[in-house]
Each structure stands twice: as C-alpha cells, then as structure tokens.
Amino acid sequence: MSKPRVLIARRVFPEVVEALSARFEVATNEVDTPWAPEEFARRLAGCQGVLTTIMDRVDEALLAKAPDLKAVANIAVGLNNIDVAACTKRGIRVTNTPGVLNETTADLAWALLMAAARRIAEGDAYVRRGDWKIGFEMEANLGTDVHGATLGIIGMGRIGQAIAKRATGFDMEILYHNRSRIPEADEKRLNATRVERDDLLARSDFVLLMVPYSPAVHHLIGAVEIAKMKRTAILVNTARGGVVDDAALIEALKAGRIAGAAIDVFEGEPKLNAGYLGLRNAVLTPHVGSATRATRLAMCETAAANLTAALEGRAPPNLVNKELA
Ligand code: GLV
C-alpha cells in the first residue's frame, strides 16, 4: 500500500523531514518562500496532511481544491492563517504547537522591554555612528527604570504568565487584563492583580500585549487607548500584527505621546508601515518570539507528532477543533 502524502509548506529542520519520511511520502518547499495560493493548491493536491507556518493561508478556497486533506498541523501556537471553522466543516483536523514556545517567547518579550527601556538599539547605533565622543554625559541616553515599575500585561495566558514570572526578579507590580481571572494562587505567586483594561493602561509603566489574535482584538490598541497611557510609558507587542493600530502608534511615538515601543509583530508583515523606520523610540524585530533553534525544532517536532497522530487515526495531542476528537 502506498504511503499517505504529506506536504511541508516551508523549509523545516532535516531531522523532521526525515522522521516524517519514514511514515509518509513527503514533499517540501526548499525554496522557502511562501507559495502563492494557486501554487499551494497545486502542491497540496492528493495530500492527506500539511505542515504550515503562519505565512501559509489555509482558507475555504484552498480547501475546496484539496479534497484528500485530513489534517493541517500549524507550526505555531497562533492560528490566524487557518480558517478553522472551514476545516472543521470538512472534517479536517487542525493542530497547533502550544506550550513549547512559552518560555522562549517570554524571553523575547523581556529582551524587547529592556531594549526599549534602556534604549539599547539607539545606543548601539550611536556608538557605531561615532557619536560617542565625550565618554560620560550626565543627561545623554537616559532610559526608564524597569525595576520597581508597574508592568501591565494584556493577555495572561501561558506566555503572559511566563512573562510575569520573570518580573518578580525586578520587584515589579503586575497588573493584568484577561477574559478570565487566573487562579488566586497564581496571582499571589506572580504578584499580579486583574484590572480593567483602561485601569491597566493608565497605571502601567510598561504595557505588554500577549493576546491571541482574533477579529475581536483587531486594533485593541489604537489612538484612544494610547491616549490613556502615561506619557512615560512603553508599549511592547509580542502578540500579533493587527492587535495594535500601527498608524496610530507611529503618530503617538512621533508626537512623544508615549515614551517608546518595542514591536515584534506588524500589520501585514513582513511589509512594514514605513513610518516606523524613522522612529528612534521604537525597537523593531522581525517576528522572532519563538526564534531559537531549540524552540523552533520543538515546534516542528510537535507539529509532526500532531500530524502523524491525526493521519494514523490517533488523537493528536494538540487538536484545536475538539469536535473532531
Ligand atoms: C508565532 O507567532 C506563533 O503563533 O507561534
């Protein structure tokens, strides 16, 4: 009997391709640029499973051309590249990779927070440009204290809590806003208090976004919300592009309405609102929350395990459309 066919939509680690190849007939995308929809559909024809990244759109139009598809394993925790409802309707199992990237993404959130607070990217550019001439200037390159400050986290899921855990070493007060309250024991452990969003915006020195994307949180932070923040505050977005209204944030940063921002995710990425480029008070990174070798490998292995289980008739560990369990 011939092996089921699996498509890997982007380049992944060779050991993952090798492991999948033991069970499936595997096709890969060695060019490693996302396929246009027609090309993706052409490659997917006859496949039972697909491994996708956040750049690979799985929507109704694609599914209509993939009648053999049984499982979509996203190599990400976020699912906004996938029309999960459309998959469910067709009986296609969808999985993601929660858990394995929590700590790495929390590390990046902190790297960004610290970089913006202490103006690391600006300082690096200043040194490289040869502007560092005097050696010690009392009022040059002044940043914001992190220790003892108030950190407001919007989205207190697994990653939000991993970020909060790191703040205890900085003696920070944590405010959080989340759909539901986290267990009281975790609030105590993290020194975290649940507050309304406006209260969090008004009181926080750092506002950190870690909500999963859905249309309900599109432009969760725009001009109105930024106006509620302290002028000295810093906004950190490690959630998803579109959670922040980029144009509004750029205007606010230009006007000095808040002190700074550190952004890993952008509306329409990898295209960028050009307004960001001239801003000295913004630290910009190219969606690298989970980008360490160990974590990216763990994500690929998790996705491969999910796909294998789904195609072999076992319950995938990270099934998203639970109605298909
Ligand atoms: C990355 O952004 C992810 O959702 O895993």
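Q: Why is Trp 35 called buried?
A: Trp 35 has a relative accessible area of 15%. Buried means under 20% relative accessible area, whereas exposed means over 50% and partly exposed lies in between (1.4 Å probe, protein chains only). Trp 35 is therefore classed as buried. The model is a predicted one, in which local features need pLDDT of at least 70 and side-chain atom pairs count only at pLDDT 80 or more, while totals for chains, interfaces and linings use all residues. Residues are numbered from 1 along each chain as its sequence is written, and side-chain values use heavy atoms, with hydrogens and water left out.

Q: How many aromatic pairs does a search of the whole structure find, and what makes the pair of Trp 35 and Phe 40 tilted?
A: The search finds three aromatic pairs. One of them joins Trp 35 and Phe 40, with 5.9 Å from centre to centre and 40 degrees between the planes. Rings of Phe, Tyr and Trp (its six-membered ring) pair if their centres lie within 6.5 Å; planes under 30 degrees apart count as stacked, over 60 as edge-to-face and the rest as tilted. The angle of 40 degrees therefore makes this pair tilted. Phe 40, with a relative accessible area of 3%, is buried.

Q: Why is the pair of Phe 266 and Tyr 276 called edge-to-face?
A: The planes of Phe 266 and Tyr 276 stand 80 degrees apart, and the centres are separated by 5.4 Å. An angle over 60 degrees counts as edge-to-face, so the name applies. Both residues lie in the loop between β11 (260–263) and β12 (282–284), so the pair ties together parts that are 10 residues apart in sequence; strands here are DSSP runs (E, at least two residues) and helices are runs of H or I (at least four residues), numbered from the N terminus. Phe 266 is buried at 7% relative accessibility, and Tyr 276 is buried at 0%.

Q: How do you know that Asn 321 is buried, and what joins its side chain to that of Thr 88?
A: Asn 321 has 1% relative accessibility and therefore counts as buried. This residue is found in the segment after α12 (293–311). Its side chain and that of Thr 88 are joined by a polar contact of 3.2 Å.

Q: Why is Ile 234 called buried, and which residues does it touch?
A: Ile 234, in strand β10 (residues 234–237), has a relative accessible area of 2% and is therefore buried. Not counting residues up to four places away in sequence, Ile 234 touches Ala 116, Thr 144, Asp 205 and Phe 206, among others; contact means heavy atoms within 4.5 Å.

Technical notes
Polar contact = N/O pair within 3.5 Å; in protein donor to acceptor, adjacent residues only side chain to side chain.
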